[in-house]
Amino acid sequence: AGGAGLVIVEATGVTSFGSELTVESLSPLTAAVHEQGAAIAIQLFPIPFGTAVDLNSMPVDQIEAIIEQYAVAAEICRDAGFDGVESHGAHGYLINQFFMPDVNKRTDEFGGSLENRCRLGTRIVERSKAATGDDLLILYRHTPVGAAYGIEESLELARRLIDAGLGVLDISPAF
């Protein structure tokens with residue numbers, strides 16, 4: 001009501017969508033924000049906030065399930081009236097860890113080369129975009145410089161995310 005253009009609901013686990021978080025439970029929130037003239041997006045986390053996961057021992061089918069959970073969450077958010085969804089790929093949390101060469105020691109398609117370390121983020125964006133088309137803005141939060149990666153690698157990630165269907169890159173410099 002005070003003139004905000006965009007409200008972003010933070011750190012929402014994709015595993016909650018379809019059970020705890022539904023079109024019916026989320027629609028009153030989006031309606032209230034829209035009534036006051038603002039757009040609304042929701043930031044999505046791959047696991048419940050505060051949960052620790054070892055990315056290096058995570059089976060590929062679990063990674064694929066996370067990607068699919070993002071698509072399901074995006075569809076529910078679109079249907080509930082959200083204007084956008086934001087994947088949280090910053091601050092050393094799980095998605096960012098896949099990008100970090102000093103943390104990601106995987107030897108499969110999700111580790112090693114820069115292309116492979118970008119794969120989780122780009123696949124999440126691709127699946128979310130495919131599930132919602134142009135009906136939902138796809139955002140991605142990223143920390144551009146880490147202890148073991150620099151701006152050039154982040155620029156390549158940004159190019160890949162845009163090619164995957166990204167609409168907004170949210171840069172968050174603090175680790």
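Close-up 1. Helices here are DSSP runs of H or I with at least four residues, strands are runs of E with at least two, and both are numbered from the N terminus. This is a predicted model, where local features need pLDDT of at least 70 and side-chain atom pairs count only at pLDDT 80 or more, while totals for chains, interfaces and linings use all residues. Residues are numbered from 1 along each chain as its sequence is written, and side-chain values use heavy atoms, with hydrogens and water left out.

Close-up 2. Leu26, Thr30 and Val33 are the buried ones to look for in helix 1. Looking down the axis of helix 1, its buried residues fall within an arc of 60 degrees, so they line one face; the arc is taken from the directions between helix axis and C-beta atoms. An α-helix has 3.6 residues a turn, so residues three or four places apart point the same way. On the face turned away from the buried side sit the exposed Glu24, Pro28 and Glu35. Just after helix 1, Gly37 takes a positive phi of about 90 degrees.

**Close-up 3. Helix 1 meets helix 2.** These two pack at an angle of about 50 degrees, with their axes 8 Å apart. Axes are lines fitted to C-alpha atoms, for helices over the stretch in contact, and angles run from 0 to 180 degrees between N-to-C directions. That makes helix 1 oblique to helix 2; under 35 degrees counts as roughly parallel, over 145 as roughly antiparallel, 65 to 115 as roughly perpendicular and the rest as oblique. Val23, Leu26, Ser27 and Thr30 of helix 1 make the contact with Ile76, Asp79 and Ala80 of helix 2, where contact means heavy atoms within 4.5 Å.

**Close-up 4. Around Glu64 in helix 2.** Glu64 lies in helix 2 and, at 27% relative accessibility, counts as partly exposed. Leaving aside residues up to four places away in sequence, Glu64 touches Glu109, Phe110 and Arg123.

**Close-up 5. Helix 4 alongside helix 5.** Helix 4 (residues 114-132) and helix 5 (residues 151-164) pack at about 30 degrees, with axes 9 Å apart. Helix 4 and helix 5 are therefore roughly parallel to each other. Among the residues making this contact are Cys118, Gly121 and Val125 of helix 4 and Leu157 and Leu161 of helix 5.

Notes. Buried means under 20% relative accessible area, exposed over 50%, partly exposed in between (1.4 Å probe, protein chains only).
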